[in-house]
Amino acid sequence: MGKLTICDHPLIQHKLTYIRDENTKTKDFRQLVDEVAMLMAYEITRDIPLENVEVKTPVTTTKSKVISGKMLGLIPILRAGLGMVDGILKLHPTAKVGHVGLYRDPETLMPVEYYVKLPTDVTERELIVIDPMLATGGSANAAIDVLKKRNCSQIKLMCLIAAPEGVKAVQEAHPDVDIYVAAVDERLDDHGYIVPGLGDAGDRLFGTK
């Protein structure tokens, strides 16, 4: 079963409180999400391998460590996932970004794929699927399915907050995918919203209703 990691660093938890606050305006909400994504990127990339290189300092020549050619791919689920991409890119500016667009069918309530654009070398990269909310798990599972159908195998999932139902759904459907979140909340309500949650992440990021 995929590992669930809760990124409980004090800075992340502090900023998450203001992300939840209904009085936080769009500009501040967007900045806070960006900052939390950057902080979470430390944790999600912790296992990237290193190699030694020789470098000349002003004093002498020494061995030092650099990332060992590991290539990242960021795959935000449109549209709310876009709000977390820039924060990760600040730490990993060479990562390539793909996009997966999904909408929920009003009759079946199942996610429907409407847009997919991925890097040409996507199968060679360690991929991070990004969505602020892991509610029912439907969108996350559909996005991971999109990648696996294209022969991608190195996949992680990164979300701000999750419901226990969503975590369980992803772990059951994709036991090889590790999940990274800032918090696991209490439950889903009757409309599929995370409780206590933070509302609709897309609307709050982009100032829409």
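In which strand is the place of Met-133? Met-133 sits in strand E9, which covers residues 133-134; here helices (H or I, at least four residues) and strands (E, at least two) are DSSP runs, numbered from the N terminus. The model is a predicted one, in which local features need pLDDT of at least 70 and side-chain atom pairs count only at pLDDT 80 or more, while totals for chains, interfaces and linings use all residues. Residues are numbered from 1 along each chain as its sequence is written, and side-chain values use heavy atoms, with hydrogens and water left out.

With a relative accessible area of 18%, Met-133 is buried, a term that stands for under 20% relative accessible area, with exposed meaning over 50% and partly exposed the range in between (1.4 Å probe, protein chains only). Not counting residues up to four places away in sequence, Met-133 touches Ile-161, Ile-194, Leu-198, Gly-199 and Ala-201, where contact means heavy atoms within 4.5 Å.

Another strand residue, Val-100, has its place in E6 and counts as buried, because its relative accessibility is 0%. Its contacts, again not counting residues up to four places away in sequence, are Ile-75, Pro-76, Ile-77, Leu-78, Tyr-115, Ala-143 and Val-146. Between Val-100 and Gly-207, which lie 107 residues apart along the chain, the C-alpha separation is 21 Å.

Rings of Phe, Tyr and Trp (its six-membered ring) pair if their centres lie within 6.5 Å, and planes under 30 degrees apart count as stacked, over 60 as edge-to-face and the rest as tilted. By this rule the structure has one aromatic pair. Its members are Tyr-103 and Tyr-114, whose ring centres are 6.3 Å apart and whose planes stand at 40°, so the pair is tilted. Because Tyr-103 lies in strand E6 (residues 99-104) and Tyr-114 in strand E7 (residues 111-117), the pair ties together parts that are eleven residues apart in sequence. Tyr-103 is partly exposed, with a relative accessible area of 43%, and Tyr-114 likewise counts as partly exposed, at 47% relative accessibility.

Val-55, found in strand E2 (residues 50-56), is partly exposed, with a relative accessible area of 36%. Leaving aside its neighbours within four places in sequence, Val-55 is in contact with Thr-60, Thr-61, Thr-62 and Ser-64. Lys-65 is ten residues from Val-55 in sequence, and the two C-alpha atoms are 9.5 Å apart.

The helices come next. Axes are lines fitted to C-alpha atoms, for helices over the stretch in contact, and angles run from 0 to 180 degrees between N-to-C directions. The axes of helix H2 (residues 26-44) and helix H3 (residues 82-91) come within 7 Å and cross at roughly 50°. H2 and H3 are therefore oblique to each other, since angles under 35 degrees count as roughly parallel, over 145 as roughly antiparallel, 65 to 115 as roughly perpendicular and the rest as oblique. Their crossing is right-handed; a crossing is left-handed if the near helix is turned anticlockwise from the far one by less than a right angle, and right-handed if clockwise. Val-33, Asp-34, Ala-37, Met-38, Ala-41 and Tyr-42 of H2 make the contact with Gly-83, Met-84, Asp-86, Gly-87, Ile-88, Lys-90 and Leu-91 of H3.

Within H3, the buried residues are Gly-83, Met-84, Val-85, Gly-87 and Ile-88. Their cover includes H2, strand E4 (72-78), strand E5 (96-97), strand E8 (126-130), strand E10 (155-162) and helix H6 (201-206).

A further helix pair is formed by H4 (residues 138-149) and H5 (residues 164-173), whose axes come within 9 Å and cross at roughly 25°. H4 and H5 are therefore roughly parallel to each other, and H4 passes H5 in a right-handed crossing. The contact is made by Ala-140, Asn-141 and Ile-144 of H4 and Ala-169, Val-170 and Ala-173 of H5.

Finally, the cysteines: the structure holds zero disulfides, a disulfide being a pair of cysteine sulfur atoms within 2.5 Å. Cys-7 is in no disulfide, and the nearest cysteine sulfur, that of Cys-159, is 11 Å away, which is too far for a bond. Cys-7 counts as buried, at 5% relative accessibility, and Cys-159 is also buried, at 1%.
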